[in-house]
Amino acid sequence: MTLSGVKCTVANCKYHSQGDACSASNIEVNIDGGGQSAQASRETNCKTFITK
Ligand code: SF4
């Protein structure tokens, strides 16, 4: 089962699945460096990532 509507290209993540899907039960996305306000998408990242 994968997260509907989530596309992820991080191929070396334990949860990465065929078709650029994510098989985690949920994900957490935070801002690089902390805080609650990002200025651009590149400042955000998935904290649920685990190396394969
Ligand atoms: S946990 Fe995050 S990095 Fe890993 S496949 Fe899912 S969305 Fe991508």
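Reader: What share of the chain's residues count as buried?
Author: Of its 52 residues, 8% are classed as buried. Keep in mind that this is a predicted model.

Reader: OK. How many helices and strands are there?
Author: Zero helices and four strands. Along the sequence that reads β-β-β-β.

Reader: And what box do the C-alpha atoms fill?
Author: Roughly 30 × 20 × 15 Å, along the principal axes.

Reader: What about contacts: what percentage join residues at least 24 apart?
Author: 24%, counted among contacts between residues at least 6 apart in sequence.

Reader: Switching to the ligand. Which residues surround it?
Author: Val6, Cys8, Val10, Cys13, Tyr15, His16, Cys22, Ala24, Ile27, Cys46, Thr48 and Phe49.

Reader: How does that shell split by class?
Author: There are 10 nonpolar residues and two polar ones.

Reader: Now Ser41. Where is it?
Author: In a loop. Ser41 lies between strand 3 (29–31) and strand 4 (44–46).

Reader: Is Ser41 buried or exposed?
Author: Exposed. Ser41 has 7 other C-beta atoms within 10 Å, and a residue with 12 or fewer counts as exposed.

Reader: What separation do the C-alpha atoms of Ser41 and Ala21 have?
Author: 19 Å. Along the chain, Ser41 and Ala21 are 20 residues apart.

Reader: Back to strand 4. Which residues does it span?
Author: Residues 44–46. Cys46 is also one of the residues around the ligand.

Definitions and conventions
Residues are numbered from 1 along each chain as its sequence is written. This is a predicted model: local features need pLDDT of at least 70, side-chain atom pairs count only at pLDDT 80 or more; totals for chains, interfaces and linings use all residues. Helices (H or I, at least four residues) and strands (E, at least two) are DSSP runs, numbered from the N terminus. A residue is buried if 20 or more other C-beta atoms lie within 10 Å of its own, exposed if 12 or fewer, and partly exposed in between; C-beta atoms are placed from the backbone. Two residues are in contact if their C-beta atoms, placed from the backbone, lie within 7 Å. A residue is near a molecule or strand if its C-beta atom, placed from the backbone, lies within 6 Å of it. Ala, Val, Leu, Ile, Met, Phe, Trp, Tyr, Cys and Pro count as nonpolar, Asp, Glu, Lys and Arg as charged, and the others, Gly among them, as polar.
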